[in-house]
Amino acid sequence: EAEIYLPPAYFTNPRPLLPVLVLVAGQPGQPDDWLKGGKMPTTMDDFAARHGGLAPVVIVADATGTVLGNPMCMDSKLGKVATYLATDVPAWAAAHLQVDQDPTAWAIGGLSYGGTCALQMATNFPHVYPTFLDFSGQREPTLGDRKRSVDAAFDGDEAAFEKVNPADLLRNNKYPDSSGVFVVGESDHDFAPGQQEMFNAAQAAGMDVHFAEYRGGHSWAVWSAALRGQIEWLARRLGLIE
């Protein structure tokens, strides 16, 4: 089940059409992680307190299916995660929530697996998620190595993997309307090189991106601080504040 945060402004009359942030946890992980380790509700409440009750509506979606699951955030033999995030979640929000449905008011973000997932959505579905937060993501979706990933998801069809892999998409396409942030912990030596590589690729593909480091390693100390540190930029990007 997803977790949903509704800011104070959602309960006013008339209700403003608020932007939407979709968050994804890591692997292993579950949506509730963003409420506990990620301190998302506190970050949003504090932002709302500074901005007259305004904050994004946040949907923390389940992109793994189980705590230990790793369907690599794509449509494949392992599941239909891309369809879920790019089609089902926005459709559910349109049917059940009163929010801004313009894609310019939508963003997706996540940490580790979820950061990789956010970049996957931004590169595969830029018309749905033109804004993204990639916190400590990987160079590509993986089950440990390329061969194992391609075999499990696409029966060894390398071309099918490359068709949805962010690095390949950034190499072959331009994204002039997309914007995002790449975050990594200062001492996260395993993930930092890949994040820098993907940041460079995003820039070369025409994305308006920035790179930020936070004190710590591959941990919630970094990711909770990153959400708090990037929320003002995100709110301006989504048109919530000037």
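Which residues in α2 meet which residues in α9? The legends below take up this contact and other close-up views of a predicted model.

**View 1. Helix α2 (residues 40-50) against helix α9.** On the α2 side, the residues in the contact are Met40, Thr43, Met44, Phe47 and Arg50. They meet Leu227, Arg228, Ile231, Glu232 and Ala235 in α9. Sorted by class, this contact comprises six nonpolar, one polar and three charged residues. The two helix axes come within 10 Å and cross at roughly 45°. An angle between 35 and 65 degrees counts as oblique, so α2 and α9 are oblique to each other. The crossing of α2 past α9 is right-handed.

**View 2. The largest nonpolar core, with 74 residues.** The members that touch the most other members are Leu21, Trp34, Met40, Leu85, Ile108, Phe132 and Phe135. Helix α9 (residues 220-237) supplies the largest share of this core, nine residues. A second core of six residues is separate and includes Met72, Met74, Ala153 and Phe161.

**View 3. Surroundings of Phe135.** Apart from residues up to four places away in sequence, Phe135 touches Trp34, Gly110, Leu111, Ser112, Gly115, Val181, Val183 and Gln195, as well as Trp223, Ala226 and Leu227.

**View 4. Ser178 in the loop between α7 (166-172) and β8 (179-185).** The relative accessible area of Ser178 is 3%. Buried means under 20%, so Ser178 is buried. With its neighbours within four places in sequence left aside, Ser178 is in contact with Pro126, Pro130, Met207, Asp208 and Arg237.

Technical notes. Residues numbered from 1 in each chain as written. Predicted model: local features only at pLDDT ≥ 70, side-chain atom pairs only at ≥ 80, totals over all residues. Heavy atoms only, no water. Core = buried A, V, L, I, M, F, W, Y, C linked by side-chain atoms within 4.5 Å. Buried < 20%, exposed > 50% of the residue type's maximum accessible area, 1.4 Å probe, protein only. Helix = DSSP H or I, 4+ residues; strand = E, 2+ residues; numbered from the N terminus. Contact = heavy atoms within 4.5 Å. Axes fitted to C-alpha atoms, helices over the stretch in contact; angles between N-to-C directions. Parallel < 35°, antiparallel > 145°, perpendicular 65-115°, else oblique. Left-handed = near helix turned anticlockwise from the far one by under 90°. Nonpolar A, V, L, I, M, F, W, Y, C, P; charged D, E, K, R; others polar.
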